[in-house]
Amino acid sequence: MNHWTLNRINGLFCVIVQMEISLRSYQKEVVQVALSGENSIIWLPTGGGKTRAAVYVAKRHLETHPKAKVAVLVNKVHLVDQHYQNEFRPHLGHTVNIVAISGDSQEKDFFGRVVRDSDLVICTAQILENAMINTEEDKHVELTDFTLLIIDECHHTHKDAVYNKIMARYVKGKMEGARNLPQILGLTASPGTGGAKTQEGAVNHVLQICANLDSVIVSTKNYVPELRMVVPRPIKKYDIVDTRLFDPFGEHLKEMMRMIHGYMASGITFRKMGTQEYENDVVELEKKGVREENRLLAQCALHLRKYNDALLINDTVRMVDALRLLQDFYRTKSENRMDATDIFLSGLFEENQVELRLLTLDTQNENPKLAQLQRTLVEQFQDRNSRGILFSKTREGTRCLYDWVCANPALQSVDIRAAILTGAGNGANHMTQSGQKETIYRFRVGDLNLLISTSVAEEGLDIPECNVVVRYGLLTNEIAQQQASGRARAMDSVYSVVAWAGGREMRREKTNEYLEELTERAVAEVQRMEPEKFRRKVSELQRAAVIERYVACKRRDEKRKRYDPSQVQFICRGCFTPVAHGDDMRVVNNSQHVNVNPDFKNYYQVGGQVHLGRTFEDWEPGRVISCASCGLEWGFEVKLRKVVVLPCLKIKGFSMKTPQANHTAKQWKEVEFAVEEFDFTEYTSKMEIFDL
């Protein structure tokens with residue numbers, strides 16, 4: 001029975017309905033440990049109702065604990081609104097003060113105050129982590145401010161993931177005898193094996209997840225038949241494609257790559273073109289060129305990587321998509337030719353572009369995997385009520401597949417209405433958070449019937465029951481495979497794998513099936529352990545983790561002190577021009593790294609305005625910045641507190657020359673010197689002096 005009440009909103013009385021929380025028998029079984037106040041991980045398959053079980057636990061917790069305060073943590077932004085709108089507000093909103101906070105929420109700027117004024121907050125784990133680091137009273141929180149932490153997709157609680165950073169504080173506090181630590185409730189569809197291929201290794205991985213979350217893992221034992229009825233397994237089919245025997249477009253690309261190999265005259269041996277291994281080889285070659293300030297090697301490696309990307313696209317979608325990738329790349333390169341290497345590389349593509357375009361026109365040589373994918377989709381969409389998800393590896397792949405679907409008469413004849421769904425972000429191919437919400441909404445109400453998605457749709461998203469899920473050219477682990485399979489929830493649904501005969505995707509899919517079974521056996525073994533043995537093993541793993549983190553922290557601190565900032569010279573990674581020193585750098589909000597030297601503006605040029613699709617408390621993005629000599633993108637301007645405009649730098653745009661050697665880094669945390677905190681007052685006072 002639902003409960004209702006009258007609330008006065010803007011002078012009008014509105015009926016507020018609160019839905020009764022109804023649990024199935026297997027859900028009631030798995031929440032018992034949590035209801036007793038103990039830490040636990042609920043393991044149920046995708047579609048099994050983990051979130052509904054968590055809502056029930058939260059409700060009982062709030063009813064029975066004085067001064068109760070609950071935090072629901074998610075690992076992806078779009079899940080904040082989803083959990084709030086679909087689960088927590090409908091079932092708890094009548095009696096509980098609930099606030100949903102994500103990166104584009106103004107409440108995050110006063111997180112500490114919001115937590116104090118709320119009964120339950122739903123937020124990304126990163127927002128909670130930031131709040132625990134922040135020292136401002138209105139923003140700061142402690143773990144002990146909460147009485148229950150619900151951690152969604154908790155199998156991500158490992159290594160340096162943000163979930164594990166939060167739980168590391170918990171475990172350290174527990175070992176130090178801290179009181180009033182919150183109860184932990186983890187939710188997962190698969191803990192996985194952590195890369196282990198043996199029973200012992202898989203058991204150790206599950207135990208590590210339990211240790212990281214300080215929890216036991218629970219699953220249904222008495223109501224398995226009911227769970228199987230609620231979450232039917234899809235019919236799995238392998239749509240196998242015979243090996244591509246004739247690929248003149250791909251062979252022409254490889255011949256061009258061999259010409260670049262010859263131009264380098266380096267004697268380096270590469271692995272097979274068109275593979276991840278080849279990409280790894282050229283990535284390392286580019287780093288070698290940067291370290292040695294050998295621009296020929298570094299630039300050739302960058303171009304070879306783009307050709308390899310084109311081969312991978314050619315192996316996945318159409319020849320014209322691969323050609324377009326190269327055309328887009330060389331369009332940017334033609335404006336910044338610095339030396340003979342640039343002239344050779346751009347000239348090579350220009351000389352072969354016409355031949356490549358002619359090869360794309362021969363439909364007899366088109367990718368046979370697409371023909372199989374077309375047959376699979378046409379077969380499954382004969383029913384006009386069909387809904388499906390087509391999973392692809394990359395954002396570029398989803399874009400190419402979308403173009404192919406829209407231009408395919410056979411797919412349009414069965415009324416396929418497709419859209420792309422990828423992760424939110426700031427790049428050109430990223431979606432905005434509002435774009436994600438709109439696409440999912442249109443899919444939910446039936447305006448769309450096919451999502452072409454990266455892994456963002458595998459995990460957590462509340463997507464309507466699909467009767468077809470297709471994995472196309474994917475190499476993923478057993479967790480991702482289970483998550484994707486779980487999206488096919490309709491009765492008699494189909495889970496299709498489109499892959500080359502005997503190819504790596506097929507082998508990985510079969511391996512993942514074994515690993516899925518291994519996960520089940522490992523969890524069962526952990527659950528059979530004597531309680532005392534389990535607690536002892538968990539304590540050992542926790543002590544080891546605390547020591548390991550302490551040692552790693554000391555090493556990081558030592559690494560940051562290896563060089564004085566003035567000894568580190570920043571060099572453009574594209575042209576090797578020296579442009580700055582380490583003591584020019586400052587860090588803002590523990591995340592943005594800016595150059596405060598006014599002379600730095602002589603080394604960069606500005607481009608178009610950056611649009612991030614969201615607002616921030618004390619800064620806003622400006623224009624793109626790039627090297628004035630070679631055009632390599634370095635980052636973008638930031639306007640701090642609407643007053644100061646400074647260049648915010650991506651570390652990947654530079655190499656760093658130290659007294660010992662040249663170094664590269666993927667992230668700022670890898671640099672070997674300490675970066676000072678930006679002092680706004682000090683900087684603006686200097687500006688005033690200069691103005692005088």
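Predicted model: local features only at pLDDT ≥ 70, side-chain atom pairs only at ≥ 80, totals over all residues.
Close-up 1. Which strands pair with S8 in the parallel sense? One is S3 (residues 40-43), which pairs with S8 over 4 bridges. Here isoleucine 42 has leucine 187 of S8 as its bridge partner. Another is S7 (residues 148-151), again parallel and again over 4 bridges. Leucine 148 is bridged to glutamine 183 in S8.

**Close-up 2. Four strands form an open sheet.** The strand order is S17-S16-S24-S25, and the pairing is antiparallel. Strand S17 (578-581) and strand S25 (662-663) stand at the edges. Each has a single partner strand, so one side of each is left without a neighbour in the sheet. Look next at S24 (residues 654-657), which is joined to S25 by 2 bridges. These two strands run antiparallel. Methionine 656 has histidine 663 of S25 as its bridge partner.

**Close-up 3. Helices H3 and H4 pack against each other.** H3 spans residues 50-64 and H4 spans residues 78-92. Their axes are 10 Å apart and meet at an angle of about 40°. The crossing of H3 with H4 is right-handed. H3 brings Thr51, Arg52, Val55, Ala58 and Lys59 to the contact. H4 brings His83, Glu87, Phe88, His91 and Leu92. By type, the contact residues are 4 nonpolar, 3 polar and 3 charged.

**Close-up 4. Helices H8 and H21 pack against each other.** H8 (residues 199-213) and H21 (residues 531-560) pack at an angle of about 75°. Their axes are 9 Å apart. How do the two helices lie, roughly parallel or roughly perpendicular? An angle from 65 to 115 degrees counts as roughly perpendicular, and H8 and H21 are therefore roughly perpendicular to each other. On H8, the contact is made by Asn204, Leu207, Gln208, Cys210 and Ala211. On H21, Phe534, Lys537, Val538, Leu541 and Gln542 take part. These residues divide into 6 nonpolar, 3 polar and 1 charged.

**Close-up 5. Threonine 398 sits in helix H16.** The helix covers residues 395-406. Is threonine 398 buried or exposed? Its relative accessibility is 1%, so threonine 398 counts as buried; the cut-off for buried is under 20%. Leaving aside residues up to four places away in sequence, threonine 398 touches Ser392, Ile420, Thr422, Ile452, Ser453 and Thr454.

**Close-up 6. Two loop lysines have a positive phi.** Most residues other than glycine have a negative phi. Lysine 67 has a positive phi, near 55°. Where is lysine 67? Its place is the loop between H3 and strand S4 (70-74). Lysine 67 has a relative accessible area of 81% and is exposed. Lysine 159 also has a positive phi, about 50°, although it is not a glycine. The loop that holds lysine 159 lies between S7 and helix H7 (162-175). With 71% relative accessibility, lysine 159 counts as exposed.

Methods:
Residues numbered from 1 in each chain as written. Heavy atoms only, no water. Pairing = 2+ DSSP bridges. Axes fitted to C-alpha atoms, helices over the stretch in contact; angles between N-to-C directions. Left-handed = near helix turned anticlockwise from the far one by under 90°. Contact = heavy atoms within 4.5 Å. Nonpolar A, V, L, I, M, F, W, Y, C, P; charged D, E, K, R; others polar. Parallel < 35°, antiparallel > 145°, perpendicular 65-115°, else oblique. Buried < 20%, exposed > 50% of the residue type's maximum accessible area, 1.4 Å probe, protein only.
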